[in-house]
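Here is a friendly walk through one protein model, taken a few features at a time. Have the structure open as you read.

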Amino acid sequence: MSAFKSDFLRTLSERGFIHQVSDETGLDDLFAKETVTAYIGFDPTAPSLHAGGLIQIMMLYWLQKTGHRPITLMGGGTGMVGDPSFKDEARKLMTLETIAENSASIKRVFSKYLTFGDGPKDAIMADNGDWLRKLNYLEFLRDVGAHFSVNRMLSFDSVKLRLDRQQSLSFLEFNYMVLQAYDFVELNKRYGCRLQIGGSDQWGNIVNGIDLGHRMGTPQLYALTTPLLTTSSGAKMGKSLNGAIWLNPDMLSAYDFWQYWRNTEDADVERFLKLYTTLPMDEIARLGALGGSEINDAKKVLATEITAMLHGREAAEAAAETARKTFEEGALAESLPTIELPTAELGDGIGVLQLFVKAGLAASNGEARRHVQGGAMRINDAPVSDDRQVIGPGDVTADGIIKLSLGKKKHILVRPV
């Protein structure tokens with residue numbers, strides 16, 4: 001379907017968010033004539049979501065922006081089971097305490113993108129632990145389990161792949177799709193929710209919810225999924241060489257977050273501007289058309305706009321300025337990531353390899369040695385050519401720090417204390 005009537009689906013379509021919709025015409029009509037409530041589920045498997053989940057949050061942003069009501073559903077109940085979709089093995093089971101801590105930590109990010117409250121279009125924060133943990137097993141089996149066909153559940157790709165590889169799928173995990181389907185029905189009952197949004201790997205689980213709703217007497221429910229994103233070179237979104245690109249500021253600084261997006265591959269710039277920023281489409285087209293070295297200007301805009309939504313405009317512009325001083329002027333920017341080192345440790349002298357490992361710029365002495373051999377390591381902007389070099393008090397600059405650099409883009413300040 002090319003032209004949507006509703007602002008929401010039209011916006012999603014032109015920005016590249018839509019992979020599949022269960023009934024395009026029906027859902028478009030619904031959005032065009034009433035305020036629609038839709039939800040996305042987030043399982044609290046870590047204390048923060050990472051950049052791979054940002055596409056889902058942006059969809060909820062546009063949902064509210066176009067006059068509808070988003071629900072962020074925390075998996076306080078389903079998190080006890082773990083989603084087996086397209087996983088080779090079962091997730092590690094979390095304690096209730098860990099689930100509660102992770103949920104509380106994740107929730108802080110949503111308020112940067114959504115307005116929560118009691119108004120008809122204000123976002124709702126829900127937790128499926130509120131109803132799943134209270135279920136009576138036998139009643140649930142009779143009232144809900146009776147509507148599921150095991151034959152059909154075995155045909156879903158997420159299950160089939162595990163079985164085809166002859167990897168064990170526990171009964172616990174097999175229940176996950178039943179619980180997720182029940183969430184959809186419960187959210188319809190509580191809040192009149194009509195749409196579930198998720199990544200394309202969730203299609204089978206969401207359709208299960210639509211079928212269950214139909215059998216349990218809900219109005220028509222709908223599914224909408226996003227494409228599973230990778231970078232142009234095939235890397236998974238939200239991961240970098242140094243680990244996950246976390247959304248929580250206490251787990252990743254605004255500067256490191258900005259740098260991740262500044263390093264976007266040329267071929268991804270326009271696509272990411274559409275998905276992750278709120279810039280108008282004509283401005284995105286202009287930036288996407290830049291070629292040669294000018295594409296770097298578009299990358300800086302991309303990084304600053306994405307960082308501003310999450311960390312605030314001031315932090316985003318400070319990160320951009322730090323990067324400009326460091327890379328374009330070669331100056332020492334005080335807002336670079338900093339670690340503290342006991343003066344006594346430095347007084348005795350510390351090996352250059354050990355120092356780079358301590359600073360998190362290398363995972364091991366062996367990896368640091370390879371960086372020295374490759375000419376990638378610098379101390380106070382001077383190349384390191386000897387992997388036995390010892391760093392001591394004489395390497396502390398007039399600013400009271402030692403600057404460690406790996407390649408052109410990774411810098412850490414060491415401050416003796």
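## Salt bridges

D386 counts as partly exposed, at 34% relative accessibility. Please keep in mind from the start that this is a predicted model. The side chain of D386 meets that of R388 in a salt bridge, with 3.5 Å from N to O. R388 itself is exposed, its relative accessible area being 67%. Elsewhere, salt bridges that share partners join E186, K189 and R190 into one network.

The count for the model comes to 13 salt bridges. One of them links K5 and D29, whose closest N and O atoms are 2.3 Å apart. K5 lies in the segment before α1 (7-15), while D29 belongs to helix α2 (residues 24-33), so this pair ties together parts that are 24 residues apart in sequence. As for the setting of the two partners, K5 is exposed at 52% relative accessible area, and D29 is partly exposed at 29%.

A further pair is R142 and D143, whose side chains meet at 3.6 Å, N to O. Here R142 counts as exposed, with 61% relative accessibility, and D143 as partly exposed, with 38%. In general terms, side chains of opposite charge can pair when their charged atoms come close.

| Salt bridge | N to O distance |
|---|---|
| K5 and D29 | 2.3 Å |
| R142 and D143 | 3.6 Å |
| R388 and D386 | 3.5 Å |

## The nonpolar cores

Which residues touch the most other members of the largest nonpolar core? They are F8, L224, W261 and Y276, in a core of 66 residues. Helix α3 gives this core its largest share, nine residues. Apart from it lies another core, of 30 residues, including L73, V144, F184 and L212. As a general rule, nonpolar side chains tend to be buried together in soluble globular proteins.

W261 deserves a look of its own. Leaving aside residues up to four places away in sequence, W261 touches A51, L54, M237, F272, Y276, K299, L302, A303 and I306. W261 is also one of the buried residues of α12, along with A254, Y255, F257, W258, Q259, Y260 and R262. Since eight of the nine residues of helix α12 (residues 254-262) are buried, this helix is largely enclosed by the rest of the structure.

## Helix α4

The buried residues of α4 are I99, N102, S103, S105, I106, V109 and F110.

A104 and A285 are 181 residues apart in sequence, and their C-alpha atoms are 38 Å apart in space.

## The five-stranded sheet

Finally, look at the open sheet of five strands, which has the order β9-β15-β14-β11-β12 and mixed pairing. β9 (338-341) and β12 (382-383) stand at the edges, each with a single partner strand, so one side of each is left without a neighbour in the sheet.

Starting at β9, four bridges join this strand to β15 (residues 410-416), and the two run parallel. Within that pairing, I339 has V414 as its bridge partner. β15 also pairs with strand β14 (residues 402-406), this time in the antiparallel sense and over five bridges. There, K403 stands opposite L413. β14 and β15 form a hairpin with three residues between them, and G407 in the turn has a positive phi of about 65°.

Definitions and conventions
Residues are numbered from 1 along each chain as its sequence is written. This is a predicted model: local features need pLDDT of at least 70, side-chain atom pairs count only at pLDDT 80 or more; totals for chains, interfaces and linings use all residues. Side-chain values use heavy atoms; hydrogens and water are left out. Two strands pair if DSSP finds at least two bridges between them. Buried means under 20% relative accessible area, exposed over 50%, partly exposed in between (1.4 Å probe, protein chains only). A salt bridge is a side-chain nitrogen of Lys or Arg within 4 Å of a carboxyl oxygen of Asp or Glu. A nonpolar core is a set of buried Ala, Val, Leu, Ile, Met, Phe, Trp, Tyr and Cys residues joined through side-chain atoms within 4.5 Å. Contact means heavy atoms within 4.5 Å.
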